[in-house]
Structures are given as C-alpha cells and as structure tokens.
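I opened this notebook to look up the pockets of one model and the residues that line them. The entries follow the structure.

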Amino acid sequence: MSEFENFEEMFAQSIGLTEPWRIEQAEYMHEERAVHIYVKARKTAKYPCPVCGEMLSRYDNEQERIWQHGDVVFFPCYVHCKRPRVKCPKCEKTHVVTAPWARKGSRYTLLFEAYAMLLAEKLPLEQARRFLRISHTSLTNIVAYWVKKRIAEDDLSDVMALCIDDTSFRRGQSYVTVVIDAAQRRVIDVEEGRSAQQVWDFSEKLEKKGGDCTKVTQVASDMSSAYISGIHDCFPNAQVVIDRFHVSQLMRNAMDEVRREEQGTKASRSRKSGKKLLMIPQGRMDKHQQEKLAKISKLYPKTGRAFRMVQAVDTVYKCSDIAQAITLFEQLYTWLRRSRLEPMKRVALTLRKHKTEILAYYFHRLTNAVAEGINSIIQAGKRKARGFATFRGFSTMIYLESAKLDFAPIPLFC
C-alpha cells in the first residue's frame, strides 16, 4: 500500500492555510481517539495588524490556543497554534494576529461553523449540538453570530409591500413585532414589543439597508391603532390594508361572546355548546354539521343571528366589484348596529372606524396570510429551538426559520 503523501496538504486546504502559515505536525492520539493538527507561522514573515491593517513584523507569540475542527473519519479534530503577536505603532497596542481558519473570538474553525449552520437549519438545536459534541450555548452563539451578520448585510432596496404582525414570545403579555416582505414572503425584521415605536425602528433599519420608506406603497396589518399610526408616520405613500382574517376573527370573537351570554356559563363550556362548529364557515359544513347548526340556531336564536352576521363578512370579501363591496359593507354595518346584540354593535363601530383600510383590500388584494403562515413556522420553531429564552435568541430563531438567509458564503468558501 502506498504512503498517504499529501496528508498535511489536505489538512492545510481544509482550514484555509496559505503562506506564511503551515502545518508543522498532524497526529492521531490513540488515548483520546482524536486528531490534532499543529499550525505554525513563519517567524520572519510580516503580518497585518488586525485593527488598522498595517504590515508588521512578529513581536512574540501568544500561548497555545485550540480550535475544534470538523471530524476526520468520525474522530474529533483539533487545531493547535501559537499565533504571532504584533506591536502596532499606530494603535500603540500589541495585537494577536487573526487566524485564517477562524473568526475572531471563536474557538471553532470556519469549516466547523459552516457545518454547524447546516445542521442548525435542518435539525432541532439539541440534536444538532449532540452531533457536533458541543454545548447548547456554543451552538446558539455560532448561530446568533452568522444570523446577525447575514441580517446586517441584507439588501432591502426592492421592498415595496409589507406585512406587519405580532407573535407571542413568552407567557403573559410578551410579544414581538415581525415585519415581512410581502413579495418575497420572508421575515426582514423582528422588534421587541408591539407599538408604533417598533414600526419606527424598522423604518430606520430599512433606510440603512438600501430601502426607501417612500417606495413602500402598501402595508397589511391588524387593527392595532399603534401599528396604523406608526405606518402613517413612517411610510407616507403607503396604503394600510386591514387584514381580512383579523376582521373575520373580530366577528367570530363577538359571536362567541354572544353565545356565552345566551347559553350561560355552564352550558357554554360543554362539548355540545357548538363552539367549534360555529367557527366553521357554513359553505364548508357537511350535511350532519348543517343539521346540528340548525338545531343550535333554533335553540339559541341570538347565536344563530350572530353566526349569520359572521358569514356575511365572507360575502363582502367575495365581491369582485368595489361598488358592490361598499354596498354590502354598509348593509352589514346597519345590520350589526340594529342587531340588539351588544358585542356585534361594538364590532360595527370598529368596522366603521377602519372602513377605508378594510375596503383597501379590493384595490391591493394584500392580506396577512403570509404572516399567519410564517407565525405557525415561528411557533413550531420555538419548540425546535429550546433554550432561546431571550429576545436575542428568539429573534435569531425567527430569522433562521423564516428569513430565507443564505449561509453558503461563510468566508472560508468565498
């Protein structure tokens, strides 16, 4: 069998070594069942100052450091090096030269981090970290660094339509604002809280990343007055479009309030109360469900009337003609105001207040459907990324799952 002559050359390429860096030794430690690579830098070479970039002669060496590298034939692999230090007259400080195989402050090689990101995108973090044999904290730090870097480099110059929605962070009144590019169907910003300030903060980031607030022509949102005021202030040429699903949800919640008041506390909590049935659009009900609905409507006439009002909203949204939609909207408003059902009368006032934004749907056909879909991904991602207990971690997970970031060009492979 011939000798493996280019063994060290293979390792040098895997960690991106070039002159004046070279592999001094590579060995397999039987006791540890691990591979160790020893890297050395040429003493007489000049090295760039990591701060100002000036080429300087070596001053001395730091103590030996160790970086974890990708496995070699399933054995753990580690890179050892005493990096040179340079004394910079401009900075008036002594700096450790940056290693070409790792980013500053990391104890893992770039190839290892590239593999870690690949696993983090596909697997739950706990499972990924077991594959990599590192701690949960180490993996989340790697993921957070590369996600933050890619988000900072994101180009938002083509953004013209937005969806703004909130999602729950932790138990209680803890929310984050998620901003989505409606055209590309991806998350472009995550802000802590849900107020007009979060819209302002995003608008500043949009401008810094090449976007233009005056080019944003439409924004889908819920009926939050904070969001709407922020949109008007930050995007002067944008038409606010109230999401149709939030309108339907508002009506369904009012209908359920009518049901609970009519049925009473005890009956409204039973399985036979019809709560789940009344959430199904009438057009999707089968024959058995239609019969059950008829019985509930006869037994509880107020609930039956509220259900028909909810179905009327769908009729409004099915219109293809804006003039017809306006007519049906006014009819629905009148019906709700004269219904003698307090929850439905309150909804009527809300619909009247947001009439312009609701009817804007017929011009732009923009909804928060993409936001609702991404929200389901986010909620699933919360379970996948256990341990992200802070906003920084939670936002990192949202970007990782829904921002469609490209992690391929990690510097080693550029």
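I took helices (H or I, at least four residues) and strands (E, at least two) as DSSP runs, numbered from the N terminus. I worked on a 1 Å grid over the protein atoms alone, where a pocket is an open set of points that a 1.4 Å probe fits, with protein on both sides within 12 Å along at least five of seven lines, and lining residues have an atom within 4 Å of a point.

The model is predicted, so local features need pLDDT of at least 70 and side-chain atom pairs count only at pLDDT 80 or more, while totals for chains, interfaces and linings use all residues. Residues are numbered from 1 along each chain as its sequence is written, and side-chain values use heavy atoms, with hydrogens and water left out.

Entry: second largest pocket. I read a volume of about 320 Å³ (the space filled by probe spheres set on the points, which are joined across faces, edges and corners). Its lining has 16 residues, and Lys-148, Ile-151, Ser-395, Thr-396 and Tyr-399 lie nearest the centre. Helix H4 (136-152), strand S12 (186-192) and helix H16 (391-402) each give two or more residues to this lining. H4 supplies the largest share, six residues. I sorted the lining of this pocket into eight nonpolar, two polar and six charged residues (nonpolar: Ala, Val, Leu, Ile, Met, Phe, Trp, Tyr, Cys and Pro; charged: Asp, Glu, Lys and Arg; polar: the others, Gly among them).

Entry: largest pocket. I noted a volume of about 410 Å³. Among its 17 lining residues, Arg-252, Pro-281, Arg-284, Gln-311 and Asp-314 are the closest to the centre. H10 contributes the largest share of this lining, five residues.
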